[in-house]
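Thank you for making the time this morning. I would like to walk you through the charged side chains of one structure, and I will begin by putting it on the screen.

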Amino acid sequence: MSSDDKVIESEANNESPKVYTLEEIAEHNKKDSCWMVIHDKVYDVTKFLDEHPGGEEVLLDSGGADGTESFEDVGHSTDAREMMLDYYIGELPEHEKKKSVDKGPKSWALSDDDTASSGRGDLYWEIGKGASAITTP
């Protein structure tokens, strides 16, 4: 379920997503309370800081601000994007939205399920095998 689906589901239950301004979000930029914006949606990633594979510093660098560009530059997997649902708390008001488009995971960041369903699993296996055969002097 995408975060858009979660918003649709909450609206179907007559629940409007909570709206947070960038000014409010800016107050949550520390280890004890870390929020960020990704694609106009607000996430409280405080409980994820210790679990983030790239380290907590990566999240804290975007804490209290819009981390969309950094998030997309890394090329997060489908699994990582789905995990975001657990941390979704609301969205920006209309006048603060950048209306950025979620481009999805980069092809090299696809999960095993994605590569299997796309028929590209063999390609990734062959690339992996070739990389392991490279030696250094």
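This is a predicted model: local features need pLDDT of at least 70, side-chain atom pairs count only at pLDDT 80 or more; totals for chains, interfaces and linings use all residues.

Which residue forms a salt bridge with Glu91? It is Lys97, and the closest N and O atoms of the two are 2.6 Å apart. By salt bridge I mean a side-chain nitrogen of Lys or Arg within 4 Å of a carboxyl oxygen of Asp or Glu.

Residues are numbered from 1 along each chain as its sequence is written, and side-chain values use heavy atoms, with hydrogens and water left out.

Lys97 also meets Glu94 in a salt bridge, at 3.0 Å from N to O, and Glu91, Glu94, Lys97 and Lys99 are linked in a network of such bridges. Glu91 is buried, with a relative accessible area of 12%, whereas Glu94 is exposed at 54%; here buried means under 20% relative accessible area, exposed over 50%, and partly exposed in between, using a 1.4 Å probe and protein chains only.

Across the whole structure, the search finds 7 salt bridges. One of them joins Lys98 to Asp66, with the closest N and O atoms 3.6 Å apart, and this pair links distant parts of the chain, 32 residues apart. Lys98 is exposed, at 60% relative accessible area, while Asp66 is partly exposed, at 26%.

Notes
Helices (H or I, at least four residues) and strands (E, at least two) are DSSP runs, numbered from the N terminus.
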